[in-house]
Every structure is written in structure tokens, then in C-alpha cells.
Amino acid sequence: MTKEAGAPAGRGRIIAAEVLVVLASLTAIVALFGGFVRFQVFDAATFKGTSADLIANDTIRQQVATTLVDQLYGNVDVEAALRKDLPAGQRAFAGPLAAALRELANRSATRLLARPRVQAAWVEAVSTAQSRLLRLLDDRSTVIKTEGGVVVLDLKPLVVQLGDQIAIVNNIAGRLPPGSAQITIMKADQLKTAQRITHILKVVGSFFWLVPLLLIACAIWLARG
């Protein structure tokens with residue numbers, strides 16, 4: 001004699017359905033995270049918009065300004081340049097003057113980054129780095145080579161603008177050595193691991209949302225009645 005279609009499910013099926021609901025909830029969280037990362041990181045237009053929103057934030061702008069000043073002072077010997085340009089009797093003031101100018105540079109960098117044109121230059125620099133990184137991560141054969149074996153964020157144009165604005169020393173662009181004012185995003189020896197993670201995140205973001213739906217469907221089937 002068979003069970004009626006509307007008969008309540010047995011205890012074992014109810015427990016199995018509850019387990020599937022828990023698993024569906026956990027996999028849904030993973031699917032949401034994967035979708036968020038895929039949308040925010042791998043979509044160029046979204047990434048550019050997020051970069052623009054970030055640089056418009058006062059706190060982020062101050063941190064970026066500090067980074068620009070650090071890059072300027074880290075790649076140009078400001079004290080030595082000032083000592084060379086000052087009259088002979090005033091060269092002893094080169095050190096204190098360089099320190100005072102650094103504080104001025106921090107304030108100037110913050111004001112500079114508040115300008116729409118400079119913010120656009122920042123977004124372009126960040127987006128270029130992201131584009132190069134994604135091309136490299138998508139190239140499973142590692143045919144694409146990057147400059148010096150790394151992916152970098154090139155801040156040189158912004159550092160030059162900052163130096164020209166506050167006129168610490170003459171010819172900032174000429175004083176910056178090749179490859180300077182760059183922040184390393186990824187090194188060559190990290191490529192294989194990064195490619196693996198990228199592949200997993202793309203799969204999770206694209207298809208993993210089906211898993212919780214299937215689990216929920218199975219749970220409903222088990223708990224019928």
C-alpha cells in the first residue's frame with residue numbers, strides 16, 4: 001500500500017531537509033560573496049566608478065595624499081636639492097626647510113586631490129593597473145609579460161603634479177628615477193596563485209548561485225506534505 005501524496009514526510013526526511021536548508025544558507029553566503037567580488041573587481045566600469053567614489057572620500061584622499069608625498073620624498077633627495085639651490089650662507093637651513101616643505105606638501109596634496117581633473121587622473125591610473133592585472137590573471141599560459149615582472153600602480157604623473165604645485169625643487173619629472181613612484185600590486189612569483197584564486201572567484205560568482213537553489217529545491221521535495 002503506497003503513501004498518499006499529501007502524507008507528512010518521515011522524521012528522517014525532515015532532518016535531511018533541515019540539513020539541506022542549512023547548507024543552502026551557507027552556500028548562498030558564498031555565492032553572494034563571489035557575485036559581489038566578480039561585480040566589484042572584475043567589471044571595469046564598476047571598478048572605475050568605485051575608484052571615483054573612494055577618491056571623493058576625505059579620509060581616502062588624505063591617505064592617498066600621504067602616499068604621494070612619501071613617494072616624492074622617497075625618490076627625490078629634497079634636502080640635497082635645496083642645499084644646492086640655496087645661497088652658500090643659507091645651506092645649513094636645507095634640512096629644516098625640507099621638513100617644513102613636507103608638511104606643506106601634505107596639505108597641498110590633499111587640496112590637489114580635491115580637484116576633479118586630478119581625481120580623474122587617479123581613477124585612470126588605478127583603472128589602468130586593474131586592467132593590466134586582469135589581463136595577466138586571465139592569461140593562463142602566462143604569455144603576457146609585465147614590466148619588470150610585476151603589476152604596478154603608476155603614481156608618477158600625480159607626484160609630478162604635486163611637485164610642480166608646491167615647487168619644492170625644479171624639474172621634478174627629470175629628478176624622478178625610472179620606475180619610481182610606483183606601488184607594486186602583484187609580483188611575478190604570486191601569479192600562479194592569483195590566477196587560481198581568480199578562476200575560482202569567477203566560477204563562484206557566475207554559477208555558484210545555482211547550488212543553494214538546488215539544495216532548497218531538494219529540501220522542499222524531501223519535506224513534502
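This short talk describes the fold, the surface and a few side-chain arrangements of one predicted protein model.

The model is predicted, so local features need pLDDT of at least 70, side-chain atom pairs count only at pLDDT 80 or more, and totals for chains, interfaces and linings use all residues. Residues are numbered from 1 along each chain as its sequence is written, and side-chain values use heavy atoms, with hydrogens and water left out.

I begin with the fold. The protein has 10 helices and 2 strands, in the order α-α-α-α-α-α-β-α-α-β-α-α along the sequence. Helices (H or I, at least four residues) and strands (E, at least two) are DSSP runs, numbered from the N terminus. Among contacts (heavy atoms within 4.5 Å) with a separation of 6 or more, 80% join residues 24 or more positions apart.

Next, the surface. Of the 225 residues, 35% are buried; buried means under 20% relative accessible area, exposed over 50%, and partly exposed in between, with a 1.4 Å probe and protein chains only. The accessible surface (Shrake-Rupley method, 1.4 Å probe; for residues, only the protein chains shown count as cover) is about 13,500 Å², with 63% belonging to carbon and sulfur atoms.

Where does Val 19 lie? Val 19 belongs to helix H1, residues 11–41, and is partly exposed at 46% relative accessible area.

Finally, I turn to charges over rings (NZ of Lys or CZ of Arg within 6 Å of the ring centre and within 35 degrees of the ring normal). The charged end of Arg 13 lies over the ring of Trp 221, 4.8 Å from its centre. Likewise, the charged end of Arg 102 is placed over the Tyr 73 ring, 4.8 Å from its centre.
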